Amino acid sequence: MSALSIRGLHKRYGRVPVLTGAALDVAAGTTTAILGPSGCGKTTLLRLVAGFDRPDAGTVAIAGREVTAGRRGLPPERRDIGYVAQEGALFPHLTVYANIAYGLTRRTANAKARVTELLELVSLDPALARRHPHELSGGQQQRVALARALARRPALVLLDEPFSSLDTALRAATRTAVANALRAEGVTTLLVTHDQAEALSMADQVAVMTGGTFTQTGPARDVYARPADLATARLLGPGTTLPARITAGTAACALGPLPLAEPRPDGEAHVFIRPDQLRLSPEGTQATVRAAEFLGADTVLTLELPDGSTMQARADGTVTHAIGTAVHVAVTGGVLAYPAA
Amino acid sequence: MVKPSPRLLALCVPVAVFAAIPLLYIAFYTAQVGWAGIRPLVFRPLIAELLGNTLALCATATAGCMVLGTALAWLVERTSLPGRSAWLALLSAPLTIPAFINSYAWITVRPGLHGLAGSTLVATLSYYPFVLLPVAAAVRGLDPAAEESARSLGSGPVAVFARVALPRLRPALLGGALLVALHLLAEYGAIEQLRYPTFATAIIAQYQSTFASTAANVLAAVLVLCCLAFVTLEVLVRGRARTARLGAGAPRPAVRASLGPWTGPVLLALLGLLGLAIGVPAYSVGHWLTFTTADAWAPGVLLPTLGSTARLGALAAAVAVVAGFPLAWLAVRHRGGLTTVLERSTYLASAVPGVVVGLALVSAAIRYTRPLYQTTALAVAAYVMLFLPRAMVSLRSAIGQAPPALDEASRALGRTALDTFRRVTLPLTAPGILAAAALVFLAVSTELTATLLLAPTGTRTLATEFWSATSEIDYPRAAPYAVGLILLSVPAAYLLLRQSTKGTS
């Protein structure tokens, strides 16, 4: 049985349709990341699951119980969920301890031990319990928000871009702490994000959302390896798009004939090549260095092919490539191809 | 944004309509009397004289406040003036002295003072903080980088002030000026003592001779038109560039202009100003206190007055907060066309002077709800109409302290809507609610004109007792009430000062 099951969800604000028939299943104990560009409706979906807003049509079932039944649906407090908002939404007038214990009732045995346990779970010093939210860093606030959401042992945890307000260094550390805590609790999680690294690293299942519906759902590796369309491929990471002609399983493009990752019918197409697939090699196509961005271990080169198309390739950081010099570039592995519209 | 529920609207619409009663009544009454009835009452020399007097005072005193307020704001915020935060508090201190006590004080030291000159002097000294506070806050919020860029582009200091700083201070400056002008339209006590006839004084005089007559109501209608004209004028002059808010990230503090050898003269000038604005009232009240007889201090005289003042203030504060909370909630949480109209309607109604609200309620009560006439309920209704916006300002910022994300977090943690309100919303908004109640309480305690018109016969408040004593030229008997009124105004002035220094610091 799915811990979360969404069927045909529709929602519009005024005349703007935001969700147009979204459907999704999340298996118990797993993490699903909803990945999509901003404005695709992913946060709206999360709010409908949480019960902060009502869908126009469609159903949401949490742990087998339909929560959208009836005119108003089940109120959020009876949905058995945990929710972590973008900036944590800690109660500013309560201490960290009181924040985490907020959802516990008087009947909860040993609330104090539970709070200490939760602080440890999210890798926070128990001494922080006496502090107020404004005395914590952004990353610590997010961890407290997660501890608070987990306190009642909910059936489903909803994370709404929980790391987007943190800077890069904090983001990675907080992400690891949160992922570990979620795994330790074995709780079903729905994560909304527009950051592909976050989605791929945290989720068992990735659901790609564009224009109010899910366009592709599957294990993170599968979705990354075989994006359903060009937009999804771009969403999952940078790359170069080149026009190509497919004949008998080979794509002919400015980089020469390339093998396909997936069989495709013959005809006009676009191939999509990730930067790590491009290598400088004497056998490759000739290109001119137009820009070089030194990043330490690697250098990202912007290359221009004789036909004028440009692309980015990763090269060894120890070699200097002057602008304007000629290099040879080759492709490793099969490339993704999509029929030209 | 979630649509407001019908239940919330059901709480808000009646409050907005209630606040608009005086305006609706005046409009309805004027329509009923008809053009033929109005014309002889409006187009007569008296009205022309009143209009001339009122506009002249508004022009001179508002201009005075604008110049004085802006100059002081710049001195305090952008120069090397020693002890600047203390100066801002000191220069805001005239807020603690009701204008009618200020004129009482000035008549004491200069018995011949009267007319436009006297009124301008007293009004400017009483009301310039209304310009000083918002402009000082705006100056603090100015990003000095814009001015420095202008300097680097070749403008001199004066040109920079005129071309870069002033346009961005305009919303604050105009807002303050509008507040001063509306106060001047409404001011009765101070101007009556200085024997300068304006619409407000004429309406009361008319009321005292012919009660709630057509003549009084027509005067009120003309006064309402002046209010609407001022409000419209402010909107037009302010233009579209309304928000002076900066992006994220605090601007670097500005480099202060060094006063150098001017420090001494500037300090002397500021002390002189304080002498005029606070020194004169302090001296005069002290002077009359020495003549105050013991029976004026008798607890049997003072305590009932204090008691009834506090009772009216507390009632009005409670009603204003309860009535204003849903409206403020609507305005913060459900922004939209309808909610803006509802919220604005309360502001517009309160721009109408107390004397008009009082007169409208008396006239309406006599015609339609006779049993309410001469009751505390009617007086409280008038106070709520007049001071609801003061409560709204605090309530709105209070509700802003409890963003919807916190409600949602609480609901997701298993708390019902009611429980969430009690455990999250209320604790977070409580300080703002108390500030709102305090502001209304203090405004009611020092209110004069609506109280004179509406309070049940025999009700004695500090303001009415002060007024009746000065009307009988019994200045020593008035002095203890003046002290009480000033003491009651101190906390309100402090709250206003804090409100204006909080947002940008």
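Okay, let's start with one pair of residues: A:Q286 has A:H328 as its bridge partner, and that partner sits in β18 of chain A. Keep in mind as we go that this is a predicted model.

So where does that pair belong? Strand β15 of chain A, residues 278–294, is joined to β18(A) by 7 bridges, and the two run antiparallel. Quick reminder for anyone new to this: strands of a sheet pair through backbone hydrogen bonds, either parallel or antiparallel.

Now zoom out a bit. These strands belong to an open sheet of 4 strands in chain A, in the order β17-β16-β15-β18, with antiparallel pairing. Which strands stand at the edges? They're β17 (310–316) and β18 (326–331) of chain A, and each has a single partner strand, so one side of each is left without a neighbour in the sheet. If you ignore direction, neighbouring strands here are turned by 55 degrees against each other on average.

Let's move to another part of chain A, strand β7, residues 156–160. Is this strand enclosed or open? Well, 5 of its 5 residues are buried, so β7(A) is largely enclosed by the rest of the structure. You can see that face by face: A:L156, A:L158 and A:D160 are buried on one side, and A:V157 and A:L159 are buried on the other.

What does β7(A) pair with? For one, β6(A), which runs parallel to it and is joined to it by 4 bridges. In that pairing, A:V84 has A:L159 of β7(A) as its bridge partner. Then there's β8 of chain A, residues 188–193, which pairs with β7(A) in the parallel sense over 5 bridges. There, A:V157 stands opposite A:T189 of β8(A). To get from β7(A) to β8(A), the chain goes through helix α5 of chain A, residues 168–185, and this β-α-β crossover is right-handed.

On to where the two chains meet. In this model, 18 residues of chain A are in contact with 14 residues of chain B. And β6 comes back here: strand β6 of chain A, residues 81–84, gives the largest share of chain A's side, 3 residues. By type, that side of chain A has 11 nonpolar, 3 polar and 4 charged residues.

Last stop, chain B. It has 22 helices and 0 strands. Its radius of gyration is 24 Å, close to the 23 Å that the globule rule gives for 505 residues, so chain B is as compact as a globular protein of that length. Its C-alpha trace spans about 65 × 65 × 55 Å along the principal axes, and buried residues make up 47% of the chain's 505 residues.

How values were computed:
Residues are numbered from 1 along each chain as its sequence is written. Chains are lettered from A and ligands numbered from 1 in the order in which they are written. This is a predicted model: local features need pLDDT of at least 70, side-chain atom pairs count only at pLDDT 80 or more; totals for chains, interfaces and linings use all residues. The radius of gyration is taken over C-alpha atoms; the globule rule is 2.2 Å times the number of residues to the power 0.38. A residue is buried if 20 or more other C-beta atoms lie within 10 Å of its own, exposed if 12 or fewer, and partly exposed in between; C-beta atoms are placed from the backbone. Two residues are in contact if their C-beta atoms, placed from the backbone, lie within 7 Å. Ala, Val, Leu, Ile, Met, Phe, Trp, Tyr, Cys and Pro count as nonpolar, Asp, Glu, Lys and Arg as charged, and the others, Gly among them, as polar. Two strands pair if DSSP finds at least two bridges between them. Axes are lines fitted to C-alpha atoms, for helices over the stretch in contact, and angles run from 0 to 180 degrees between N-to-C directions. A crossover is right-handed if, with the strands pointing away from the viewer, the path from the first strand over the helix to the second runs clockwise.
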